[in-house]
Amino acid sequence: MSQYDQGDNGLDIGMTTGGRFFSIGDGVVTVVELNTGQGLPGTNYRVQMEHTATLGSEYHFEIDGTVFDQDQRDNVFVAVGDNVSVGQHIANFLSQDDDAHVHFGIYQLGEAGVVRCPVDYFSPEVATQLENLYDDLVNVEKRSSQPDLCPESSP
C-alpha cells in the first residue's frame, strides 16, 4: 500500500483507450505501480507525484480488464524519482471495458488519511461548472447514487 491510499475522495474520469494524462504541476514521481487491483493480472496501474512539501497527486488507472504488464509499462512515461513539469505527458490510458476510468486525487502530505477533492483547487466558477456537468451526467445515466462530485467538497 502506498502512502496515499488512505482515502476515497477524488474524481473518477471515464475514459476509453488512448486517453493521455499530463502532470498537474512540477514535482517528483514517487510511485509507479502495475497490477494494483485485487491480485488479478493487469487490472490497474497508478502514478503518484509530490508537487510541493504538502501536496501530492495520484492517477489510478482502473482499466476493468486485463492488459499485459508490458503494455502498461509501454504506456507509463515516467519512473520513480523522475522530475516532472506541469503539462508533461506522464501516461496513456489502456482499457478493455467501457466502465474503465481514471481515479484522480490530490493528497495532503504528512497528514495520514487527508485526501482533498481536486475540485477544491479550482476557482469557484470552474468547480461549479464541473459539479453541474456531474449532476447532468448522473441525472441522464443514473450511474451513481452519490449526489455530489466530491461529497466532502463544497464548490
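The model is predicted, so local features need pLDDT of at least 70 and side-chain atom pairs count only at pLDDT 80 or more, while totals for chains, interfaces and linings use all residues. Residues are numbered from 1 along each chain as its sequence is written, and side-chain values use heavy atoms, with hydrogens and water left out.

Two salt bridges are found in a search of the whole structure; the term denotes a side-chain nitrogen of Lys or Arg within 4 Å of a carboxyl oxygen of Asp or Glu. In one of them, E33 pairs with R46, with 2.8 Å between the closest N and O atoms. Because E33 lies in strand 3 (residues 27–34) and R46 in strand 4, this pair ties together parts that are 13 residues apart in sequence. Strands are DSSP runs of E, at least two residues long, numbered from the N terminus. E33 counts as partly exposed because its relative accessibility is 28%, whereas R46, at 6%, counts as buried.

R46 also meets E58 in a salt bridge, at 2.6 Å from N to O. E58 belongs to strand 5 and R46 to strand 4, twelve residues apart, and the pair links distant parts of the chain. Both E58 and R46 are buried.

The largest nonpolar core has 21 residues, of which F21, V47, Y59, F61, I90 and F93 touch the most other members. Strands 4 (44–50), 5 (55–62), 7 (89–92) and 8 (101–108) are the elements that give two or more residues to this core. Such a core is a set of buried Ala, Val, Leu, Ile, Met, Phe, Trp, Tyr and Cys residues joined through side-chain atoms within 4.5 Å.

How values were computed:
Buried < 20%, exposed > 50% of the residue type's maximum accessible area, 1.4 Å probe, protein only. Helix = DSSP H or I, 4+ residues; strand = E, 2+ residues; numbered from the N terminus.
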